[in-house]
Amino acid sequence: MAQAYTPGLLVTPRTRYRARRVLPIAGEVLVRVGDRVQARDVVARTELPGEVTPLNLAHQLSLPPGQVAECMLKREGERIEVGEVLARTKGIFGFFKSEYVSKTAGTIESISSVTGQVLVRGAPLPVEVRAFVTGEVTEVLPGEGCVIEAEVSRVQGIFGVGGEAFGPIRLACRRHEEPLAPELITPQMRGAVVVGGARMTGEAVRRAVEVGCAAVVSGGIDDADLRAILGYDLGVAITGTEQIGLTLIITEGFGEIAMAERTFQLLASREGAEASVTGATQIRAGVLRPEILIPVEADSPSAAWEQPRGGVLEIGSTVRIIRDPHFGVIGTVTALPHELHTLESGSHARVLVVRTGEGGEVTVPRANVELIQQ
């Protein structure tokens with residue numbers, strides 16, 4: 001049977017998911033192999049060094065740098081609070097003394113007799129890593145984190161912004177081609193992962209932020225709306241750290257695009273279930289996709305989990321066309337011709353034939369499709 005390889009998105013009601021959860025620097029791991037964890041559970045924690053504030057006391061006290069140390073009322077390693085006198089000059093015959101009152105709280109890290117600067121280290125910043133998925137700890141990485149495996153329903157999107165979020169699935173739209181308008185976002189959706197249908201409007205996203213939704217998922221968004229939400233043009237670097245009040249995921253692309261019906265039906269079938277989402281996206285090397293993960297109980301009557309084959313494109317595969325004039329069309333591969341095909345531009349490329357949902361067939365370059373893994 002003819003086969004090829006192409007990048008693709010995963011949309012599956014049941015699969016095995018392996019999450020590697022690690023700290024940015026060495027810290028404490030709170031779980032052991034075999035532990036059952038919930039998505040919101042903290043599995044590891046550490047503290048990042050606080051920010052350093054430089055204080056030019058030679059300038060502030062009008063002293064030569066070499067005299068700063070002898071005027072200090074605090075030594076290296078000691079704590080200083082806001083409003084506390086940090087240094088005081090000897091003055092002239094005990095009079096006309098000058099002093100510096102700290103505007104910063106922290107610990108004295110260094111006192112330089114060369115520059116006359118004092119470095120104050122702020123309080124450590126606590127960092128916690130959550131499990132992100134409900135599952136079992138299968139490996140502990142000492143001082144780093146752990147690996148968690150779980151059975152989940154998994155939906156990958158095309159693009160997202162915002163970090164990790166959690167909440168129950170709530171449908172705002174009842175059809176996959178229905179746009180997500182602001183009036184569909186209700187106060188009852190506070191803390192929920194809201195699922196729309198077609199394009200989500202900028203007003204709908206702002207309404208979701210006002211309500212306090214954890215995340216919004218829909219088929220598409222206009223790039224002008226995204227720019228207005230972010231306040232700037234988003235480049236091709238990794239996303240996921242944006243602070244917009246929620247996590248946003250689009251499953252199909254930019255513009256007036258409906259969510260794929262099978263994607264919508266999968267999310268609708270899990271309405272009410274607790275979900276974990278991340279908007280982190282990387283388009284360049286090391287592609288990273290936004291995801292929605294919904295735990296599947298081990299005794300669920302659904303079919304046994306299967307690992308996706310990952311990138312195998314063959315006759316019968318479900319694909320999405322990602323270039324005009326058929327952008328966003330989802331269909332089934334019916335042929336993978338070996339011979340090169342002459343395109344309208346005059347160039348030659350390998351193509352495939354896709355049967356669309358309307359029953360027709362289109363021939364497109366293989367580079368113009370994305371595999372929807374099942």
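Me: Is Glu81 buried, partly exposed or exposed?
Reply: In this predicted model, the relative accessible area of Glu81 is 37%. Buried would require under 20% and exposed over 50%. Because 37% falls in between, Glu81 is partly exposed.

Me: With which residue does the side chain of Glu81 meet in a salt bridge?
Reply: A salt bridge calls for a side-chain nitrogen of Lys or Arg within 4 Å of a carboxyl oxygen of Asp or Glu. For Glu81, the N to O distance is 2.9 Å.

Me: How far apart are the closest N and O atoms in the salt bridge of Glu177 with Arg175?
Reply: Glu177 is partly exposed at 39% relative accessibility, and Arg175 is partly exposed at 44%. The two residues form a salt bridge. Their closest N and O atoms are apart by 3.3 Å.

Me: Which helix holds both Glu203 and Arg206?
Reply: The side chains of Glu203 and Arg206 meet in a salt bridge, at 3.9 Å from N to O. Glu203 has 45% relative accessibility and counts as partly exposed, and Arg206 is partly exposed with a relative accessible area of 38%. The two residues lie 3 residues apart, about one turn of the helix, and that helix is H3.

Me: Which residues of helix H3 are buried?
Reply: Helix H3 spans residues 202–211. A residue counts as buried under 20% relative accessible area. In H3, the buried residues are Gly202, Ala204, Val205, Ala208 and Val211.

Me: What covers the buried residues of H3?
Reply: The cover includes a helix, H4 (223–230). Strands also take part in covering the buried residues of H3. Together, the elements that cover them include H4, E18 (199–200), E19 and E20.

Me: Which residue follows H3?
Reply: The residue after H3 has a positive phi. Its phi is near 100°. The residue is Gly212.

Me: Why is strand E20 described as largely enclosed by the rest of the structure?
Reply: Strand E20 covers residues 247–254. It has 8 residues, and most of them are buried, so the strand is largely enclosed by the rest of the structure. The number of buried residues behind this description is 7 of the 8.

Me: Do E19 and E20 run parallel or antiparallel?
Reply: Strand E19 comprises residues 215–221 and is joined to E20 by 6 bridges. Ala215 has Thr247 in E20 as its bridge partner. The two strands run parallel.

Me: In E20, which residue is the bridge partner of Phe159?
Reply: Strand E15 (residues 159–161) pairs with E20 over 3 bridges. This pairing is in the antiparallel sense. The bridge partner of Phe159 in E20 is Ile250.

Me: In E12, which residue is the bridge partner of Val42?
Reply: Strand E5 (residues 42–48) is joined to E12 by 6 bridges. The two strands run antiparallel. In E12, the bridge partner of Val42 is Arg130.

Me: Which element gives the largest share of the lining of the largest pocket?
Reply: The largest pocket holds about 660 Å³ of space. Of its 24 lining residues, the closest to the centre are Arg21, Phe132, Glu164, Thr278 and Ala280. Elements that give two or more residues are E2 (8–22), E12, E14 (145–156) and E16 (164–171). The largest share, 4 residues, comes from E2.

Me: What percentage of the residues in the chain is buried?
Reply: The chain has 374 residues, and its secondary structure comes to 5 helices and 30 strands. Its accessible surface is about 18,800 Å², with 51% belonging to carbon and sulfur atoms. Buried residues make up 47%.

Technical notes:
Residues numbered from 1 in each chain as written. Predicted model: local features only at pLDDT ≥ 70, side-chain atom pairs only at ≥ 80, totals over all residues. Heavy atoms only, no water. Buried < 20%, exposed > 50% of the residue type's maximum accessible area, 1.4 Å probe, protein only. Areas by Shrake-Rupley, 256 points an atom, 1.4 Å probe, with all protein chains shown as cover. Pairing = 2+ DSSP bridges. Contact = heavy atoms within 4.5 Å. 1 Å grid on protein atoms, 1.4 Å probe; cavity = no way out; pocket = protein on both sides within 12 Å on 5 of 7 lines; lining within 4 Å. Points joined across faces, edges and corners; volume = space filled by probe spheres on them.
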